[in-house]
Amino acid sequence: MKQHAGWALPDLKAAQIRTKQESPVYREQFILNEELRALGKGKYYFLRTYGCQANERDGESIAGILEMMGFTQTKNAEDADLILLNTCAVRKNAEDKALGELGSLKRLCKEKPNLIFGMCGCMAQEEEIVRTVVEKYPHVDLIFGTHNIHSLPKLLYQVMMSHERSIEVFSKEGEIVENLPVKRFGVYKAWVNIMYGCDKFCTYCIVPYTRGKERSRTMTDVLSEVQTLKKQGYKEVTLLGQNVNSYGKDLHLEGGFARLLEECAKTGIPRIRFMTSHPWDFSNEMIEVIARYDNIMPFIHLPVQSGDNDILKIMGRRYTIEQYKALFDALRNKIPHCAFSTDIIVGFPNESEEQFQHTLDLVEYCHFDNAYTFIYSPREGTPAARMSDNVAMAVKQDRLQRLNEVVNRHANERNAAYLHRIVKVLVDGPSKKNPNIYSGYTETNKLVNFANEGAKSGDIISVRITACKTWSLDGEVVKEK
Ligand code: 5AD
Ligand code: SF4
């Protein structure tokens, strides 16, 4: 690959280094000079975000920065002067989608020679991807990584002034940058980062390489964000981290995530969610706090990944199925109305039929409300990608299908139990197809559709469930007396 003197390129080896050093925190106000503030005046940006909530939240900071630079958002790539794809690297199909879109949007460059094309997010942290984009996608002018979001104004300026490609991807443990601008896409629901990165290094996963080490925001910073959101009228916050249970370990914070969760609950914001929990360090204190506060939602995403102890070991998950079940039982006993979802990977290298059966057994045991199921996808640079694999793709696909049948059956059963119940729904707004039908989510994160009778987006209302489907419920508004 031809390199340019100003480029900083990703390095997967460097990305796996973890030191004991404290992560720097930058608290300076994000200030732009007049020239940068005017750079986007009269220009439109199109931002597409793929992948997880961490990426969604990054997208909100990117949008905030671009609007500070004078850009206006458009939902239409055809109208854009700047196209940015905020990408996901967790599986190959996510990458293929983004590369496909990079390719298909290329046609717009012919009509608009000054169009700027950018790629950011987790794929920008991957050596192989950046090499491919540099060589095969010459229309991409700008690449920046997950640690480089705050450099966006400088990088855009370089591209716009020099008309040359600009790449800045740091492969490092990372820092915490407070006070980045943010354009929240939700009006009543907001994402709140409580920590960044991941140190678990599950052997299949690219995230610890693309997002750096686990680093927690201070409790004061998180709580003041939640309080501000509450004042602004937000009804729900979702506390975000790859592993929220590890919150505060790097700060030696006594009480860890349980304490943060409790303090968030005490702010009185109506709804608090959190994700994702790793079964390994889910503490009893956390269970107690979730059970104690009505504004902590009874819905837990608890990825199990596999139901087989040997596979879990090779995955580096640090728990056994017996431990997972014990945690699951403890949660169900303490919070009987709690709903659960999970993530499961089938077709991990050399997974036998018997080992897959163990996964089916586990799913039968838990009866999840929902499960996100995936075929294992090798990720360059991870230990699992170096393992030989004797499982044919057709076998993996068959396992996925068999697993999904069980998952769907349970989802259906769990929803069926809601018939005639009255549930609290946070109203999102009218559905796209029918403006009279509104939708929202229950405390247990079930999607409910109902004929609206005067409810507004952001209201929390009572709805009686009249019909249950696998992935949603229908209901009617219960009139308050
Ligand atoms: N292949 C398939 N699924 C993966 N996940 C993470 N890495 C991979 C991979 N290499 C899944 C896990 C994780 C979810 C976010 O994505 O189930 O919990
Ligand atoms: Fe990936 Fe495991 Fe970290 Fe989750 S805990 S982000 S699966 S390495």
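Ala, Val, Leu, Ile, Met, Phe, Trp, Tyr, Cys and Pro are counted as nonpolar, Asp, Glu, Lys and Arg as charged, and the others, Gly among them, as polar. On this basis, the shell around ligand 1 in the predicted model comprises 6 nonpolar, 2 polar and 3 charged residues. These residues are Val90, Arg91, Tyr204, Gln305, Asp343, Ile345, Phe374, Ile375, Tyr376, Ser377 and Arg379. At least two residues of the shell come from each of strand S15 (339-346) and strand S16 (370-375).

Polar contacts to ligand 1 involve both side-chain and backbone atoms of the protein. An N or O atom in the side chain of glutamine 305 lies 2.6 Å from an oxygen atom of ligand 1. For aspartate 343, a polar side-chain atom is found 2.6 Å from an oxygen atom of the ligand. A polar backbone atom of serine 377 is 2.7 Å from a nitrogen atom of ligand 1. The protein buries 85% of the 410 Å² that ligand 1 exposes when taken alone.

Strand S15 also contains threonine 342. This residue counts as buried because its relative accessibility is 0%, the cut-off being under 20%. The side chain of threonine 342 places a polar atom 2.8 Å from the backbone oxygen of leucine 302, and reaches the backbone nitrogen of valine 304 at 2.9 Å. Beyond its neighbours within four places in sequence, threonine 342 is in contact with residues including His301, Pro303, Tyr324, Phe368 and Tyr372.

The shell around ligand 2 has 7 nonpolar, 3 polar and 2 charged residues. Among them are Cys198, Cys202, Cys205, Tyr204, Gln242, Asn243, His278 and Arg317.

Note on methods: Residues are numbered from 1 along each chain as its sequence is written. Chains are lettered from A and ligands numbered from 1 in the order in which they are written. This is a predicted model: local features need pLDDT of at least 70, side-chain atom pairs count only at pLDDT 80 or more; totals for chains, interfaces and linings use all residues. Side-chain values use heavy atoms; hydrogens and water are left out. A residue is near a molecule or strand if one of its heavy atoms lies within 4 Å of it. A polar contact is a pair of N or O atoms within 3.5 Å; within protein, one must be able to donate a hydrogen and the other to accept it, and residues adjacent in sequence count only if both atoms are side-chain atoms. Accessible areas come from the Shrake-Rupley method with a 1.4 Å probe; for residues, only the protein chains shown count as cover. Helices (H or I, at least four residues) and strands (E, at least two) are DSSP runs, numbered from the N terminus. Buried means under 20% relative accessible area, exposed over 50%, partly exposed in between (1.4 Å probe, protein chains only). Contact means heavy atoms within 4.5 Å.
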